[in-house]
Amino acid sequence: MRLNILALGLLFGFAGPALAGDAILYDYDGSFDDAVFSVEDAIVSKGLVIDYRSHTGDMLERTRKDVGSDIVLFDHADVFLFCSAVVSRKVMEADPMNIVHCPYSIFVADQGGKVTIGHRDYPEGAMQMVEDLLADIATEAVSF
């Protein structure tokens, strides 16, 4: 799936997801707030419920001086946590220890005005169902 998106992007001249270590990243052409709205909408449009929205960027900034740092990591960064009963059932029937990957998450980050949406790169096998779900959500979000 990921290769197909990348190949289409190269063929038609638009950017696909970029791989960065254990993350798959998507550039968002718009503001942080618009990206957050797009991600929320894409998650909900799949019939999923957002369990928690972590304001990770706020926490990192709030505690920056307390931990002895002067580095501002993000202008804004939020992480959305959610699950899919259907996908989770399938991946945990394949291997109950796939529970380690729950809940699933997608982040939105703003660094110097560059807004990025991203998610984990999951291991091969059953967890590719989760990665496909996250890729669908992220792709929908960046296409708004």
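The count of disulfides in this structure comes to zero. The model is a predicted one.

**Cysteines**

- The cysteine sulfur closest to that of C83 belongs to C102, at 3.3 Å, which is too far for a bond.
- C83 is partly exposed, at 27% relative accessibility.
- C102 also falls in the partly exposed class, with a relative accessibility of 25%.

**Strands around β6**

- Strand β6 covers residues 114-120, and five of its seven residues are buried, so the strand is mostly covered.
- Strand β2, made of residues 23-28, runs antiparallel to β6 and is joined to it by six bridges.
- Within this pairing, Y28 has V115 of β6 as its bridge partner.
- Strand β5, residues 104-111, is also antiparallel to β6, and five bridges connect the two.
- Q111 is placed opposite K114 of β6.
- β5 and β6 make a hairpin with two residues between the strands.
- In the turn of that hairpin, G112 has a positive phi of about 60°.

**Salt bridges**

- Side chains of opposite charge can pair when their charged atoms come close.
- The structure contains six salt bridges.
- One of them joins D27 and K114, with 2.9 Å between the closest N and O atoms.
- This pair links distant parts of the chain, since D27 sits in strand β2 and K114 in strand β6, 87 residues apart.
- K114 is partly exposed, with 48% relative accessibility.
- E40 and R53 form another salt bridge through their side chains, at 3.5 Å from N to O.
- E40 belongs to helix α2 (residues 32-45) and R53 to strand β3 (residues 50-54), and the two are 13 residues apart in the chain.
- E40 has a relative accessible area of 25%, which makes it partly exposed.
- R53 is partly exposed too, at 28% relative accessibility.
- E40 and R53 are also part of a network of salt bridges that includes D78.
- A further salt bridge brings together the side chains of E140 and K46, at 3.8 Å from N to O.
- Here the partners are 94 residues apart, with E140 in helix α5 and K46 in the loop between α2 and β3.
- E140 is partly exposed, its relative accessible area being 23%.
- K46 is partly exposed as well, with a relative accessible area of 36%.

- S45 is a residue of helix α2.
- S45 counts as partly exposed, at 45% relative accessibility.
- The C-alpha atoms of S45 and E140 are 9.7 Å apart, although 95 residues separate them along the chain.

**Nonpolar core**

- The largest nonpolar core is made of 28 residues.
- The residues with the most contacts inside this core are V39, F82, Y104, V108, I117, V130 and I137.
- At least two core residues come from each of β2, α2, β4 (76-82), α4 (85-94), β5, β6 and α5.
- Helix α5 gives the largest share of the core, seven residues.

**Helix α5**

- Helix α5 spans residues 128-142, a run of 15 residues.
- From its first C-alpha to its last, α5 reaches 21 Å, close to the 21 Å expected at 1.5 Å a residue.
- The buried residues of α5 are Q128, V130, E131, L133, L134, A135, I137, A138 and A141.
- Two of these, V130 and I137, are also among the residues with the most contacts inside the largest nonpolar core.

Notes:
Residues numbered from 1 in each chain as written. Predicted model: local features only at pLDDT ≥ 70, side-chain atom pairs only at ≥ 80, totals over all residues. Heavy atoms only, no water. Helix = DSSP H or I, 4+ residues; strand = E, 2+ residues; numbered from the N terminus. Expected span 1.5 Å × (residues − 1). Buried < 20%, exposed > 50% of the residue type's maximum accessible area, 1.4 Å probe, protein only. Pairing = 2+ DSSP bridges. Salt bridge = Lys/Arg side-chain N within 4 Å of Asp/Glu carboxyl O. Core = buried A, V, L, I, M, F, W, Y, C linked by side-chain atoms within 4.5 Å. Disulfide = S-S within 2.5 Å.
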